[in-house]
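Hi everyone, thanks for coming. Let me put the structure up, and then we'll walk through it together.

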Amino acid sequence: MTPENGTFVVDTRHGKVGQVMGHEGPRLQLRPPSGGREWEAAPDSVRPATGAEAFDIAPGTMVVDTVTGGMGRVRTVAPNGMISVEHPNGYTWKTCAVRAANSIERLNLLAADAAQASRPHRQADSPTP
C-alpha cells in the first residue's frame, strides 16, 4: 500500500523521517518534516512514523503552538501526533501544530522559568501570616 501525500513515514534504509510529497512512478518523494531537500524511497522501504518521529520533538523541547501562539516545553507526544505542552506557569494544553522556539522565544521562556522559580510557593493548607 502506497502512503498518501502529506503523511509522515520513516525511510528504513536511511533511518530518516520524511513527509510524502508525491509519487514519481513507483518511487515516493519524501521531504524532511522541517523542510529541506527531497529524496526518493521505495514504498516497501518505508513505514508509518509515530507522532514523536514525525515531529522530531522530544520532551523538554521549547516550542511555539502555531495556532494559539502559546509557548512552552513539550511534556509528551502521543502516537496520534498530539503534543502536550506546558508553560512555565503550569498551564498545560494539547496541540498538533508546533514549531521549534526561536532564540528570542527561548529567552522569554527561560525568563518565565526564572520568574516562576523566584515566586514563593504557598501551600493551600498552611496558615496565612
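How many residues are there between β1 and β2 in their hairpin, and which residue in the turn has a positive phi? There are four residues between β1 and β2, and G15 is the one in the turn, with a positive phi of about 70 degrees.

Before going on, some housekeeping. This is a predicted model, where local features need pLDDT of at least 70, side-chain atom pairs count only at pLDDT 80 or more, and totals for chains, interfaces and linings use all residues. Residues are numbered from 1 along each chain as its sequence is written, and side-chain values use heavy atoms, with hydrogens and water left out.

On confidence, pLDDT is the predictor's own score for each residue, from 0 to 100. The protein averages 83, and 86% of the residues score at least 70. Among the elements, helix α1 (residues 51-55) has the lowest mean, 68, while strand β4 (residues 39-41) has the highest, 94. By the way, helices (H or I, at least four residues) and strands (E, at least two) are DSSP runs, numbered from the N terminus.

Two strands pair if DSSP finds at least two bridges between them.

Now the individual pairs. β1 (residues 8-11) meets β2 (residues 16-24) over four bridges, and F8 has Q19 as its bridge partner in β2. On to β5 (residues 46-48): three bridges join it to β1, with V9 partnered by P48. Then β2 and β3 (residues 27-31) share five bridges, and there Q19 has R31 as its partner.

Is Q19 buried or exposed? It counts as buried, because its relative accessibility is 16%, and buried means under 20% relative accessible area, exposed over 50%, partly exposed in between, with a 1.4 Å probe and protein chains only. The side chain of Q19 reaches the backbone oxygen of G6 at 3.1 Å. Leaving aside neighbours within four places in sequence, Q19 is in contact (heavy atoms within 4.5 Å) with G6, T7, F8, Q29, L30 and R31.

Next, the other sheet. Five strands form an open sheet in the order β9-β8-β7-β6-β10, again with antiparallel pairing. β9 (92-95) and β10 (98-100) stand at the edges with a single partner strand each, so one side of each is left without a neighbour in the sheet. Neighbouring strands are turned by 45 degrees against each other on average, direction ignored. Inside it, four bridges join β7 (residues 71-77) to β8 (residues 83-86), and R73 pairs with E86.

Helix α2 (residues 103-118) packs on this sheet, touching β6 (62-65), β7 and β10, and its direction makes about 85 degrees with that of β7.

Technical notes:
Axes fitted to C-alpha atoms, helices over the stretch in contact; angles between N-to-C directions. Polar contact = N/O pair within 3.5 Å; in protein donor to acceptor, adjacent residues only side chain to side chain.
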